[in-house]
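Please keep the sequence and the model at hand while reading.

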Amino acid sequence: MTTPAAPPIPLLDGLTPDSVDTLTELTTLLTKLRATQAAAGSTQAASQAARPGSVKELPAATDSLKHKLQRARAATRQLPDISRTIAQQEAEIEELEARRRTQLRELARIRGEGLQFSIGEQSRGEYDGERMVE
């Protein structure tokens, strides 16, 4: 028997998957920069220098990315238990695992008692003539 997964924790206002997805923007910037640098060796170097993606324009192009990361960092600091240390988290994990082991032992014990009860009821039914209980 499997238990359903816990519902996901809702994100804070201002913290969306898009607000922490910086790889797309970074890839776009690096692709433009690489294309500009590759073109700099060709005869079109003068015209390519004016295109967005030149090394001189990189700081301005990365400003939005930098601000996005700052907003995401500020939003994650507001998450519950974000200030807990790794040691505290590991201690809680150990407590939860110990609790789970205890629950599994208890379930196994109850299952065994249920099987013994079922076997006792079946054997009693054979000797008492299959009586029906309402």
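## A salt bridge between Arg84 and Glu92

Arg84 and Glu92 are joined through their side chains by a salt bridge, with N and O 2.5 Å apart. A salt bridge here is a side-chain nitrogen of Lys or Arg within 4 Å of a carboxyl oxygen of Asp or Glu. Arg84 counts as partly exposed because its relative accessible area is 22%, and Glu92 is partly exposed at 34% relative accessibility. On this scale, buried means under 20% relative accessible area, exposed means over 50%, and partly exposed lies in between (1.4 Å probe, protein chains only).

## Basis of the model

The model is predicted: local features need pLDDT of at least 70, side-chain atom pairs count only at pLDDT 80 or more, and totals for chains, interfaces and linings use all residues. Residues are numbered from 1 along each chain as its sequence is written, and side-chain values use heavy atoms, with hydrogens and water left out.

## Overall architecture

The chain contains 5 helices and 0 strands, and its elements follow the order α-α-α-α-α from the N terminus. Helices (H or I, at least four residues) and strands (E, at least two) are DSSP runs, numbered from the N terminus. Of the 134 residues in the chain, 11% are buried.

Accessible areas come from the Shrake-Rupley method with a 1.4 Å probe, and for residues only the protein chains shown count as cover. When contacts between residues at least 6 apart in sequence are considered, 55% of them join residues at least 24 apart. A contact means heavy atoms within 4.5 Å.

## The annotated coiled-coil region

According to an unreviewed UniProt entry, residues 79-113 carry the feature "coiled-coil region". UniProt positions are given in the numbering used here, feature names are shortened, and annotations may be inferred rather than shown by experiment. In the model, residues 79-113 are 80% helix and 0% strand.

Another salt bridge links Glu113 to Arg109, with the closest N and O atoms 2.5 Å apart. Both residues belong to helix H5 (residues 86-128), where Glu113 and Arg109 are separated by 4 residues, about one turn of the helix. Glu113 is partly exposed, having a relative accessible area of 44%, and Arg109 is likewise partly exposed at 41% relative accessibility. Elsewhere, salt bridges with shared partners connect Asp81, Arg84 and Glu92 in one network.

## Lys68 and its surroundings

The structure has 7 salt bridges. In one of them, the side chains of Glu25 and Lys68 meet at 2.6 Å, N to O. Glu25 lies in helix H2 and Lys68 in helix H4, so this pair ties together parts that are 43 residues apart in sequence. Glu25 counts as partly exposed at 26% relative accessibility, whereas Lys68 counts as buried at 15%.

Which residues does Lys68 touch, not counting residues up to four places away in sequence? They are Asp18, Ser19, Asp21, Thr22 and Glu25. Lys68 itself is part of helix H4 (residues 58-76). Thr22 is located in the loop between helix H1 (17-20) and H2, and Thr22 is buried because its relative accessibility is 15%. With neighbours within four places in sequence left aside, Thr22 contacts Leu65, Lys68 and Leu69.

Leu23, Leu26 and Leu30 make a nonpolar surface patch of about 290 Å². Patches are made of residues with over 30% relative accessible area and no salt bridge; like charges are joined within 9 Å, and nonpolar side chains (Val, Leu, Ile, Met, Phe, Trp, Tyr) within 5 Å. Leu30 is situated in helix H2 (residues 23-40) and is partly exposed at 48% relative accessibility.

Leu58 belongs to helix H4. This residue counts as partly exposed, with 28% relative accessibility. Between Leu58 and Lys32 there are 9.8 Å in space, C-alpha to C-alpha, although Leu58 and Lys32 are 26 residues apart in sequence.
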